[in-house]
Amino acid sequence: MAGTTQGPEPGNDKITTGYTVFTSQEPFHMKYNNGVLPELHVAYETWGTLNEDRSNAVLVHAGFSLSSHAKSHPEDPRPGWWEKFVGPGSAVDTSKFFVICNNNLGGCYGSSGPSSIDPLTGKPFATTFPIVSVTDMVHAQFRLLDHLGIQKLHACVGASMGGMLSLMFAALGPERVDRIIAVSCCAQSQPFSIGAYSLQRKCIMSDPDWNKGHYYDGPLPLTGMKLARELATMTYRSGPEWNERFGRKRISDEHPPSLCPTFEIESYLAHQGESFSTKFDPNSYLYMSKAMDLFDVAEGYPSLAAGLERITCPVMVIGVQSDILFPIWQQRELVSALQDAGNEAVTYYELNSIYGHDTFLLDLNGVGAGVKGFLETKQKESGFVTKHKLKRKGGRQQELNDQGVLLEYS
């Protein structure tokens, strides 16, 4: 594997300390199958200072396999998964905002999930944990914010599943947020991402050690986890990056080809599967990916427009042209659907990064600059404008808003 891991890689540590856990003793009712949790636990971390009128809070939504540790702090000095994006003067400026990030419901980094102990049995829930939806995750966040005494957020920021959370937060609680940012996500999960996650779940569930989810007293289904993560990695990055980074380079020129890995890309994928397999709970992988598949803002409404009508605050949508998992047409569709639903405050940026879906974790210039500008811009009551003209100049992407102001990103 020597030489194959060089290049930008997002951080994804196993987090066991450094967070605070909010506990609600009230039963937590879930969206599907009449599921109920006897109690709710939400792990969270904060940065910055909440102002006197509690109006400067920004909720950073974690993605599918990410923890509450978005940024380092004294209780956990390890770099967070959005380390360069959060902090004084950063995209999410902690000198201006009180930043909150929580581990999502169904996860395995402190919040209620399949690996949590069921208080009724004294054993891990395993696959008796109720099916989780993005709606349930948002309702858990509402409880956390109530606990913190925050009635209305300045903003929600999220990418991938975090972008779904931003959209659903604004749809379920329009009175609880001033603006939202949704990066590399969609209004409804589509067949490709559903199929990709389905195959990843099959990898885990086909591992004999999965034991129908009841593996906590025995060996972990590591082979299934490795394969699932390797498949996922293929959807997180892009062909142009693979070509630039690996090309057809071989692991070794000293040995003739065999059925073992021959090319560096194979070795890199194996490394990704190996390093991730012991960091994340396999059952959480099943539950969180299923929640993404089930995501549909239109569910329960006669149309997508009817579902999106509930989102009345200003929205920024950011898409990446090389994204395979949630292709750029899905962000364009989301923008058009929001506008068709009557939202006059939609801002759209399209980035040409080669890092695919992982761009939101890696592209500080493109994603970071867009996030910072939107968070710190004073929004007019009628909303901040909509369609942008795209230009190309000197290898850089440029945008003009409707007032002719140039907005430029790498």
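**Aromatic pairs and salt bridges**

By the ring-pairing rule, the count comes to 16 aromatic pairs. Under this rule, rings of Phe, Tyr and Trp (its six-membered ring) pair if their centres lie within 6.5 Å; planes under 30 degrees apart count as stacked, over 60 as edge-to-face and the rest as tilted. The rings of Y215 and Y216 have centres 4.5 Å apart and planes at 35 degrees, so this pair is tilted. This is a predicted model, in which local features need pLDDT of at least 70 and side-chain atom pairs count only at pLDDT 80 or more, while totals for chains, interfaces and linings use all residues. Residues are numbered from 1 along each chain as its sequence is written, and side-chain values use heavy atoms, with hydrogens and water left out.

Elsewhere, F64, Y109, Y197, F276, F280 and Y285 form one aromatic cluster. R229 lies over the face of F276, a member of this cluster, at 3.9 Å from the ring centre. A charge sits over a ring if NZ of Lys or CZ of Arg is within 6 Å of the ring centre and within 35 degrees of the ring normal.

Charged side chains also meet one another. Side chains of opposite charge can pair when their charged atoms come close. The structure holds 14 salt bridges, each defined as a side-chain nitrogen of Lys or Arg within 4 Å of a carboxyl oxygen of Asp or Glu. One of them joins K31 and E299 at 3.1 Å, N to O. This pair links distant parts of the chain, 268 residues apart: K31 is in the loop between β2 (28-29) and β3 (36-37), and E299 is in the loop between α7 (282-294) and α8 (304-308). Helices (H or I, at least four residues) and strands (E, at least two) are DSSP runs, numbered from the N terminus.

Another salt bridge joins K372 and D93 (3.8 Å, N to O). K372 lies in helix α11 (residues 364-376) and D93 in strand β7 (residues 92-93), so the pair ties together parts 279 residues apart in sequence. K372 is partly exposed at 25%, while D93 is buried at 4%.

K96 forms a salt bridge with E376, with the closest N and O atoms 2.9 Å apart. Because K96 lies in the loop between β7 and β8 (98-102) and E376 in helix α11, this pair ties together parts 280 residues apart in sequence. Salt bridges that share partners join D93, K96, K372 and E376 into one network.

How values were computed. Buried means under 20% relative accessible area, exposed over 50%, partly exposed in between (1.4 Å probe, protein chains only).
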